[in-house]
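Me: I would like to go through the labels given to this model one by one. For each, please set the value against the cut-off and then conclude.

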Amino acid sequence: MGTRDELLEAVAARYRSATRTEKGRILTEFAEIAGYHRNHAGRLLRREHAVDRSQPRPRRRVYNGAVREALGVLWEMADRICGKRLLLCNRAIGTACLTLGR
């Protein structure tokens, strides 16, 4: 992605100081060269600062087998409700499981 970033830096300075008609031409040219959709290219050119992509995004949470099985039991006990509602009633169901010995 280094070449696209370098191209963006070079074109963004010219884009910011251009008139409205010149901005349209610069935007079309940049979108074709970089391979971006025109709307995305416009957002990139209007952005004030570059996004730091040196660090990867945090990974998604992955539950181990025991936690996944426990969540499955809780989900079944809650009559297969959606995740948002399951999160809200997890504590009550978990307490009920402990008292019932499951």
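Reply: A helix here is a DSSP run of H or I with at least four residues, numbered from the N terminus. By that rule R25 is found in helix α2, residues 20-34. Keep in mind that this is a predicted model.

Me: What does the secondary structure of the chain come to?

Reply: The chain has five helices and zero strands. Along the sequence the pattern reads α-α-α-α-α.

Me: What makes the chain more spread out than a compact globule?

Reply: The globule rule gives 13 Å for 102 residues. The radius of gyration of the chain is 25 Å, well over that value, so the chain is more spread out than a compact globule. The box filled by its C-alpha atoms, taken along the principal axes, is roughly 70 × 25 × 20 Å.

Me: Why is R25 called exposed?

Reply: The cut-off for exposed is over 50% relative accessible area. R25 has 59% relative accessibility, so R25 counts as exposed. A10, which is placed in helix α1 (residues 2-16), has a relative accessible area of 52% and is therefore exposed as well.

Me: Is Y63 buried, partly exposed or exposed, and how do you know?

Reply: Buried means under 20% and exposed means over 50%, with partly exposed in between. Y63 stands at 46%, so Y63 counts as partly exposed. Y63 lies in the loop between α3 and α4. Leaving aside residues up to four places away in sequence, Y63 touches R68 and L71.

Me: How do you know that the buried residues of α3 line one face of the helix?

Reply: Helix α3 covers residues 38-46, and its buried residues are A41, G42, L44 and L45. Seen down the axis of α3, these buried residues fall within an arc of 160°, so they line one face of the helix. In the chain as a whole, buried residues make up 20% of the 102 residues.

Me: What makes the phi values of D79 and R80 worth a remark?

Reply: Most residues other than glycine have a negative phi. Phi of D79 is near 65°, a positive value in a residue other than glycine. Phi of R80 is near 55°, again a positive value in a residue other than glycine. D79 is in the loop between α4 (65-77) and α5 (83-100), and R80 is also in the loop between α4 and α5.

Me: Why are D79 and R80 called exposed?

Reply: Exposed requires over 50% relative accessible area. D79 has 66%, so D79 is exposed. R80 has 53%, so R80 is exposed.

Technical notes
Residues numbered from 1 in each chain as written. Predicted model: local features only at pLDDT ≥ 70, side-chain atom pairs only at ≥ 80, totals over all residues. Heavy atoms only, no water. Helix = DSSP H or I, 4+ residues; strand = E, 2+ residues; numbered from the N terminus. Rg over C-alpha atoms; globule rule 2.2 N^0.38 Å. Buried < 20%, exposed > 50% of the residue type's maximum accessible area, 1.4 Å probe, protein only. Arc of directions from axis to C-beta. Contact = heavy atoms within 4.5 Å.
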